[in-house]
Amino acid sequence: MRIIGGKLKGLKLNPPANLPVRPTTDKAKEALFNILQNQVELEGIKVLDLFTGTGNVGFEFASRYAESVLCIDRSFHCVKYVADTAKQHKLDNIKTFKADVFKYLEQETEQYDIIFADPPYDISRIPEIATIVFDRNLLVPEGLLIVEHQSMQNLSNHPAFTEQRRYGHSSFSFFTKTA
């Protein structure tokens, strides 16, 4: 895993092998950020990174000058790795919080420019993420929710769904809050 753009471009991330994660591949992450660069001004945005795991995507946003990146995961080891790595590379714009993502979302009141969710593929509640985010009004107007999931899963029945991009066995589904 490496940072592909911004101030930390080229930095290799070396998370411990024992983290309970399935990181977004560099190929998929590069494709995602190519899409985002053409749609969103990444500098100065507020990002919520759900099921952060290694922090791979959160670090990419931080490297590209996001104002703030809040990384949520229920694994203490994941949260510790992200916090320690952020501190080591002086990424003051990254904060971490250990929590069950669904419980966190039910209590969150802040709004974000981008919410990125990369849940374990085997959880049955993946379609609920968009519902909770939009019911709780967690995106700013024109804000973007991106959910990474297995390509065979279809999340297009949510009214805010805009598109799905496939990268092998993984897909990104995009949801937009209209003003």
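## Surroundings of asparagine 93

Apart from neighbours within four places in sequence, asparagine 93 is in contact with Ala62, Ala66, Glu67, Ser68 and Val69, contact being heavy atoms within 4.5 Å. Its side chain reaches the backbone oxygen of alanine 66 at 2.8 Å.

The model is predicted: local features need pLDDT of at least 70 and side-chain atom pairs pLDDT 80 or more, while totals for chains, interfaces and linings use all residues. Residues are numbered from 1 along each chain as its sequence is written, and side-chain values use heavy atoms, with hydrogens and water left out.

Asparagine 93 sits in the loop between α3 (76-88) and β3 (94-98). Helices (H or I, at least four residues) and strands (E, at least two) are DSSP runs, numbered from the N terminus. With a relative accessible area of 11%, asparagine 93 is buried; buried means under 20% relative accessible area, exposed over 50%, and partly exposed in between, using a 1.4 Å probe and protein chains only.

## The sheet

Seven strands form an open sheet in the order β3-β2-β1-β4-β5-β7-β6, with mixed pairing. At the edges stand β3 and β6 (161-167), each with a single partner strand, so one side of each has no neighbour in the sheet. Direction ignored, neighbouring strands of this sheet are turned by 15° against each other on average.

Strand β2 (residues 68-73) pairs with β3 in the parallel sense over five bridges; two strands pair if DSSP finds at least two bridges between them. Aspartate 73 stands opposite lysine 98 in β3.

## Helices across the strands

Helix α3 lies across β2 and β3 and runs at about 165° to β3. Axes are lines fitted to C-alpha atoms, for helices over the stretch in contact, and angles run from 0 to 180 degrees between N-to-C directions.

Helix α5 (residues 128-135) lies across β4 (112-117), β5 (139-150) and β7 (170-176). The angle of α5 to β5 is about 170°.

## Cysteines

The structure holds zero disulfides, a disulfide being a pair of cysteine sulfur atoms within 2.5 Å. Cysteine 71 is in none, and the nearest cysteine sulfur, that of cysteine 78, is 11 Å away. For cysteine 78, the closest cysteine sulfur is the one in cysteine 71, and 11 Å is too far for a bond.

Cysteine 71 counts as buried at 1% relative accessibility. Cysteine 78 is buried too, with a relative accessible area of 0%.

Methods: A polar contact is a pair of N or O atoms within 3.5 Å; within protein, one must be able to donate a hydrogen and the other to accept it, and residues adjacent in sequence count only if both atoms are side-chain atoms.
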